[in-house]
Number of protein chains: 2
Amino acid sequence: MEVMNFLNEITSRHPEAISFGPGRPYEGLFKAERIGDYLDAYTHHLRDDLGRTPAEVRTLLFQYGRTNGQIHHLVARTLHNDEGIQAHPESLVVTVGCQEGMFITLRALFARPSDVLLVPSPCYIGITGAARLLNIETAPVPEGEDGIDPEALRRTVAALRAAGKRPRALYVIPDFSNPTGIRMTLPARHRLLELAEDEDLLLLEDNPYGFFTRSTGTHRPTLKALDTRRRVIYLGSFAKTCFPGARVGYVVADQHVRAPDGRQTLLAEELSKVKSMVTVNTPALSQAVIGGMLITHGFRLREANDEAAGFYRQNLDVLLDCLDHLLPASRRQQAGIRWNAPEGGFFLTLTLPIPADNALLERSARDHGVIWTPMSYFYPDGGGRHQMRLSLSSLTRDQVTEGAHRLVSLLERNCR
Amino acid sequence: MEVMNFLNEITSRHPEAISFGPGRPYEGLFKAERIGDYLDAYTHHLRDDLGRTPAEVRTLLFQYGRTNGQIHHLVARTLHNDEGIQAHPESLVVTVGCQEGMFITLRALFARPSDVLLVPSPCYIGITGAARLLNIETAPVPEGEDGIDPEALRRTVAALRAAGKRPRALYVIPDFSNPTGIRMTLPARHRLLELAEDEDLLLLEDNPYGFFTRSTGTHRPTLKALDTRRRVIYLGSFAKTCFPGARVGYVVADQHVRAPDGRQTLLAEELSKVKSMVTVNTPALSQAVIGGMLITHGFRLREANDEAAGFYRQNLDVLLDCLDHLLPASRRQQAGIRWNAPEGGFFLTLTLPIPADNALLERSARDHGVIWTPMSYFYPDGGGRHQMRLSLSSLTRDQVTEGAHRLVSLLERNCR
C-alpha cells in the first residue's frame, strides 16, 4: 500500500504527464444518462418476471437485504451465457466489488495459523493486501511464460508441508494477469487443475480482463468452466464489464464444507456469515443498476462489451506498433530492451537493462512527461527490478501514441 | 451469528406472527420515486457548487473513487447542523454502512494480541461479531440503569491491565442502546469521557437512534460533541435516518496517530488503508443518493426525520400504554414482570420471572403468534436469561397493539 503512495504522489506532482499507471477502465464509454434506464429495467423485472408487489419492490430497493445478494440469479444466468459456468444461484455471493469477495473468501478459508495462501510472483496487490490485513501468510510462486510454473508450485507446496504449514489455496488470474499481461494456455489450465486435485489445493480464480482479447474468436475457457471437482472458487467483477463505481462483484463458492457447528454446508453460506459482519449486504441500489444492465443486455456481457474490447485491443495494438516502430528489433536487442505482446487485457511488461525504480520513474515524469508502474511493486518477495508495468486501459489512442514516444525518449536517454 | 439463525427460522416458520424481532426501520416512509431526484440534486451540486464538468461528473459517478469517500464534506456539514459535531471533512471516512466502519476501525486500532475491546453487556452483535472475525479479544462491562457502570468499567480495566492486557477502546451506544433501549444521562456522559481520559481509553460511539426521541426537546449531546480531547471515534449511520439499502455510514476519526512508518497522521488515513483492501471505496451511486438527500434536506436530517421520529414515538407510546393497560402495576408486580420505558429509540427490555429462551420463543410464535428476541443472544458472557428485547421499529400501530395483546396472553399463560 505504501509503495502506491509514491506513484500517486508523482502523478499529482505531474498532472500533465501521460500515465500508463492506473488499471482502471476507460471512462469515455460510460453513459450517465442510462442509470435511470437500468434501474427501471430491474424494477420491471421484479414486478413483471418475479411478480413482486410495489411494496415488495420498495423493500428490495431500500431495506436491508439478503446477505448474499439479490441479483444472484441474474449473475448466474449471465455467467452461464458468457463463460459456460454452471453456477447454482445459491452458490453465489454478491459482494462490494471483487475486493470484498477476495477478503471474505480469505477470511472464511484460512482458519488455522498454519494455513498459507500461494500467490504468483509478481502478484496483484489487492489479494496480498487483503491477506496481510487478515494476518494470513503468503508464499510466492514464480510465474513463467505460461503463468504459474507447475513445477515451482509443486516444490513450494512440498516445502511448506515439510515446514508444518498447510498450503490452502492459490490465487491466480489466468487471463491477462495483472501485472504482467500473461495468459495461460489451455493445456496449462488443465495441468493446474490436475495439480490442484493432486495437492489438495483450492484455486482462487480472478477474472477481470477475460473479455478483452486482442482478436476475436480466441476465447479460452476459465478454470471454473473446466472445473469438474469444485477445486475453483471464481472471483467475479463487474468493474471492467459494467463500471467500477457500482462496486459490485461476486464469488462462486460451490464447495461443500463443514461449518464450525459440524453441519455440511455450501462455502457460499460460510462467506455469508463473514460478509454479514463486514458490510451486512451489498448496496441494493448498486445491485439494481448492475442487475438492470444484465437484463438490458440479455444476460450477455461479452457482446455488450464489444466496443470496450475494441477500444482496449486498439490501444494494445497501437502501443505495440509504436514500440516496434520506434525501437526496431536490432536496436532494442542491442539496448537490452524487450516487452511481451499480450493477447489481450490491460497490461504489458517492459524489461530494461537498468533498474525501473522510483528514481527512474521520477525522471520519467519530470523530464519526459510519462508515468508507469515499477514492476517491483508487485513482487511480494523482491524481484522485477528491471521491469515496468504499462497499463493502457484509461488512455485515448492519441495518448497511447504520444506516451509511447515519450517512453522511448526516456529509454533512449537512459538505456545505453 | 448462529443464535440469530434460530430467530430467522422461527420467523420463516410462522410468517403470520407479529414480530417484535427485527431492528430495521419502518418501510412505509421510503419513497422509491425520489431516487432520481436525489441523484439529480447531487449531480447539480457537483456541477453548480463545485464547478465540475460533465466528464468529471461522469467520472465521479462511474469510476473508482476516493477511498475515504466523496460526500465527506456534505456529511461533515450535516453533522455540524444536527449534532454540533465539528468534524473536518478530512477526518471522515465514508463506509459501506456503519458495519464496515466498525470493522475497519477495529482492524486499524487493534494491532497487538494483548489489545482488548471493552463492550457493554448486553451488546449489539455487529461489534462483537466484527471483533470475532478479526480475532480481537472482547471484555464485557455490565450496563446499569444509566448505561455503562463507571465503577465496573474501572475494575475491568484494572483487571485487564493486571493480566498484561491493553484495554484499547470501549464500544458504546449512548442513545437508546441496542438491545436495551437505555440512554445515558448528561452527567454519565461527562463521567465516561473523564474516565476515558483517566484510563487512556478510546470510545467508539455508535449513534443510529439518536434522532428518535419520545418527546421533542430532549436531545442530549453526543459524546463526540462533548469530546474536547479526541477520545471519541464517532460511528455514523444513514440506515435509519435515510435508508438501509444505500449501505452508507461513516466514521469520524480525528485522532492523531503514528503510522507504521513513523509519520504522524490522522486515524482516518489509517482507516483508509484498511478500507482500500476491504471494499476499495464506498459505491459512488450510494454516496450520490445519500449526498442528494443531505442536499435536498438542507444538510439537516433531524427535521427531515420528524415524520419517522413521530412514527417510532407513537409505536413506543402505544406499546407502553397497552402493556400498562393489560398488565396494571399490581398485577405485573405480583407476576414478577417488568419493563423499562425508554425515552426513544427502537427497543424495549421486558423482564420475566421465567426464562425467555428459545423454548418460550417457539411456544410464543406457535401458540400466540408473536415473536421477540431473547435478550440472552446479546450477552457475550451469559446473562439476560429472563429478558426479551422488543423492537417496534418495523411494525404499524395496529400491529403493535395486536402484538402487545398476544404478548400479554403469552405472559399470562406462562408467568404464574
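**Chat about a predicted two-chain model**

Colleague: How do α3(B) and α11(B) lie relative to each other?
Modeller: In this predicted model, α3(B) and α11(B) are roughly perpendicular to each other. Their axes cross at roughly 110 degrees, and angles of 65 to 115 degrees count as roughly perpendicular.

Colleague: Within what distance do the axes of α3 and α11 of chain B come?
Modeller: Within 7 Å, for α3 at residues 54-62 and α11 at residues 284-296 of chain B.

Colleague: Which residues meet there, going from α3(B) to α11(B)?
Modeller: B:Leu60, B:Leu61 and B:Phe62 come from α3(B), and they meet B:Ala284, B:Leu285 and B:Ala288 of α11(B). By class, that contact has six nonpolar residues, with no polar and no charged ones.

Colleague: Now the sheet in chain B. What is the strand order?
Modeller: The order is β2-β9-β8-β7-β6-β3-β4-β5 in an open sheet of eight strands, and the pairing is mixed. At the edges are β2 (92-96) and β5 (147-148) of chain B, each of which pairs on one side only.

Colleague: Which helices pack on it?
Modeller: Among them are α4 (residues 72-83) of chain B and α10 (residues 267-276) of chain B. Helix α4 of chain B touches β2 and β9 (248-252), with its direction at about 105 degrees to that of β2(B). Helix α10 of chain B also touches β2 and β9, but its direction makes about 25 degrees with that of β2(B).

Colleague: And β3 with β6 in chain B, parallel or antiparallel?
Modeller: Parallel, with four bridges joining β3 (residues 115-121) to β6 (residues 166-172) of chain B. In that pair, B:Asp115 stands opposite B:Arg166.

Colleague: Switching to chain A. How many helices and strands?
Modeller: Chain A has 16 helices and 16 strands. Its radius of gyration is 22 Å, close to the 22 Å that the globule rule gives for 416 residues, so chain A is as compact as a globular protein of that length. Of those 416 residues, 52% count as buried.

Colleague: How many residues of chain A are in contact with chain B?
Modeller: 45, and they meet 45 residues of chain B. Elements giving two or more residues to the chain A side include α2 (35-49), α5 (97-109) and α6 (125-133) of chain A. By class, that side has 23 nonpolar, 13 polar and nine charged residues.

Colleague: What does A:Gln63 touch?
Modeller: Leaving out residues up to four places away in sequence, A:Gln63 touches B:Arg24, B:Glu27, B:Pro244 and B:Gly245. A:Gln63 lies in the loop between α3 (54-62) and α4 (72-83) of chain A.

Colleague: Is A:Gln63 buried or exposed, and why?
Modeller: Buried, because A:Gln63 has 20 C-beta neighbours inside 10 Å, and the cut-off is 20 or more.

Colleague: Which residues other than glycine have a positive phi?
Modeller: They include A:Arg247, with phi near 55 degrees, and B:Asn135, at about 55 degrees. A:Arg247 counts as buried because it has 32 C-beta neighbours inside 10 Å, whereas B:Asn135 has 11 and counts as exposed.

Technical notes. Residues numbered from 1 in each chain as written. Chains lettered and ligands numbered in written order. Predicted model: local features only at pLDDT ≥ 70, side-chain atom pairs only at ≥ 80, totals over all residues. Rg over C-alpha atoms; globule rule 2.2 N^0.38 Å. Buried ≥ 20, exposed ≤ 12 C-beta atoms within 10 Å, placed from the backbone. Contact = placed C-beta atoms within 7 Å. Pairing = 2+ DSSP bridges. Axes fitted to C-alpha atoms, helices over the stretch in contact; angles between N-to-C directions. Parallel < 35°, antiparallel > 145°, perpendicular 65-115°, else oblique. Nonpolar A, V, L, I, M, F, W, Y, C, P; charged D, E, K, R; others polar.
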